[in-house]
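Hello,

I am passing on to you the structure that we spoke about, and below it I have written out what was found in it. Please read the text with the structure open beside you.

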Amino acid sequence: MKVSTPRMGNLPFIVEDLAHRFDIDYIEPPVFSEETVRIGASLAPEFACLPLKAVVGTFVQALEAGADTLLMGGGSGPCRFGYYAELQRRILEKEGYRFNLIVLDPPSTSLKAAYSGLRGIVGPDVARLGTLVRELKRALAKVVVFDEIEKWVLALKGREAEEGSVARAAEEARQVTSAAFTGKEIRRARREAQLLFEEVPLDDNRQHMRFGLVGEIFVVLEPYFNFDIGNWLGKRGVVVERCVHIADTVYPGGRNPIFGYSDRQVARAASPYLTHEVGGDGLLSVGATAIFASRGFDAVIHFLPFTCMPEVIAKSVLFRVSEEMGIPVLSLTIDEQTGRAGIETRMEALLDLARSRRRRACREVAGLSVAT
Amino acid sequence: MRVGIPRALLFHHYGDCWLSFLEALGVEAVLSGPTSSDIVNAGVIHADNETCLPVKVFSGHLLELKDNADVILVPRVISQGYGTCSCPKFLGLPDMARALAPDLPPVLSPAMDLGDRRFLWLRDWYKVGRALGCGRLATAVAVRGLVESLKAHDVETGCESENDGALSVGVAGHFYNVNDPHVSLRMLERLQGMGARALTIEQSSEREARRQAASLPRKVYWGFERRLAGAVLHWSRTASVSGIIFLTSFACGPGSFIGALLEDELSREGSVPFMTITLDEHSAEAGLVTRLEAFTDMLRRVPARKPASAALERGAVL
């Protein structure tokens, strides 16, 4: 059994860790390329959202590379993600591929389905229930560390004194974390990673902007589709804070340890604008934007795939958040034809806007009239 | 106090229930006019450019009510049946409505969670009644009436008509697209004009639809789409129609998935011809007429299939 999964941000590290724990033969899915997107867009329905197309492309490439078992997440709506697996199975079967697709439903959908999905890969002879739970807990602790590393990168990249030092620290920290497996090792790896980042020389004289990054998890997390926006902004002296993380999504209880605001806090922040869960990350996008605005961020960037239902609602509501809370919000729709130049031009415009807003605010504080 | 209701989206499902609720409260209800080009254009201009056509049409209706209503009623339909959920657009509809224009009248958004067996959502409707200035008893009676009318609404309305040899075409699409002559470009009438009998989802048996939808390997979780998928499978498996037209709108999320699912399922079963028509605000009559003519002509050439042979073929394919 050769297992492959979709690709998204930190996911390959996490799956590699799980494969090691449960002794699964894992083929790393190929990195995204124009070819992946082309295959996906040609097979998937026209109006399906970008993540579906991208994952279909990845699956085709993984199957060609020799995988025979595919792992996909499930769900029970209202976002279309819960139906991805079924549609992908049909598309790939129609193309003549032979494979086994295992759907991992979240326990909130059905505990039974979640357990049987897990057993489909892990097999009862490999791990007893106790071992399974213990290993999953450790894996979760590791996911948290991986996401923390990413958070630190986004926070420090805009302030580093020497270009590339943050990237080096992140690389090393990821290696240290990847090698950790038991609870103790993971805790030590986290400390080491933290030390690595503390040693990065910072340029305190450089003035930096603070941007919030919100939106649909796939396009926000996958650097291929957001044109590595965290890095791009970091180079221009922007400290970025992101609201979606894999760890927050899978962490039980809605505590969101990485983002730092629980689901309830997010819902409360969003409540003047959006008062109901709309599936996907819609409510989180609105709530996080309101939180970022009240914390005095300079701007918020909202990424969404074309036709994404929850984010389209968030987008039409964010307009009001922006107006009432006085924060620039740039919604960027990503599809398979989005080009780097278009995104970067708009991003530069947003940077200019944020800078001029800050200059004006400084002048007002200094007691000068805006006109002078 | 005049309560405005946009004649769009789920008004086509639950409009009579909402109207009778307002009537029981003794409040004047104002409906927006039937969809017109002006309404669609206003919606297209003001609504977010990435929403689906029905939401744009809804926005147009909402803007029309701006001056002739004191409050606007936009119920938040959370689910349309037990174990299902609504499209995210319905979940966020009242909030989208509030963000649409700055000078809109206040929006009342009672929840409607038909899948909730404890009926906790009725509290919202009670509050609406009280907010509209009605007494406790009158409001309670009106809420009670709402439940009764929804129950009567759920009773099997479907009537299976006998296949009398005439060409029959199943039109599968949302009520708010199919039943709005302006949006669907009078599609049902046109089909009838071409000598074909058009069957809609409303005319299919709900119980059969439920049974057929349960045969899908993964449960369709959107309430209306489950009904739609079940009805289409029922038509195709009993060969009660000669062909099926799937009517969806541009950027419809569930539609994009259910269309692909049905297309795949029907082609695996070697069933009746299936055509997808996507509507948007630029859809023109000529394009639609040509496609409908081509489709009905094709159906006339293909000899009528009998249910038994359909089953046989299905067995052979599977």
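How many Å separate the centres of domain 1 of chain B and domain 2 of chain B? Taken over C-alpha atoms, the two centres are 28 Å apart. Before going on, please keep in mind that this is a predicted model, in which local features need pLDDT of at least 70 and side-chain atom pairs count only at pLDDT 80 or more, while totals for chains, interfaces and linings use all residues. Residues are numbered from 1 along each chain as its sequence is written, and chains are lettered from A and ligands numbered from 1 in the order in which they are written.

In chain B, domain 1 covers 2-154 and domain 2 covers 168-317, with bounds that come from an automatic or database domain assignment. Contact between the domains involves 23 residues of domain 1 of chain B and 22 residues of domain 2 of chain B, where two residues are in contact if their C-beta atoms, placed from the backbone, lie within 7 Å. On the domain 1 side, helix 3 (53-64) of chain B gives the most, with four residues; helices here are DSSP runs of H or I with at least four residues, and strands are runs of E with at least two, numbered from the N terminus.

Chain B also meets chain A, with 26 residues of chain B in contact with 33 residues of chain A. The largest share of the chain B side, seven residues, comes from helix 12 of chain B.

Turning to chain A, its secondary structure comes to 15 helices and eight strands. Its radius of gyration, taken over C-alpha atoms, is 21 Å, which agrees with the value near 21 Å for a compact globule of 372 residues, by the rule of 2.2 Å times the number of residues to the power 0.38. Buried residues make up 47% of chain A, a residue being buried if 20 or more other C-beta atoms, placed from the backbone, lie within 10 Å of its own.

Finally, the axes of helix 12 (residues 263-270) and helix 13 (residues 282-294) of chain A come within 7 Å and cross at roughly 75°, the axes being lines fitted to C-alpha atoms over the stretch in contact, with angles from 0 to 180 degrees between N-to-C directions. These two helices of chain A are therefore roughly perpendicular to each other, a term for angles of 65 to 115 degrees.

Best wishes

Terms used. Angles under 35 degrees count as roughly parallel, over 145 as roughly antiparallel, 65 to 115 as roughly perpendicular and the rest as oblique. A residue is buried if 20 or more other C-beta atoms lie within 10 Å of its own, exposed if 12 or fewer, and partly exposed in between; C-beta atoms are placed from the backbone.
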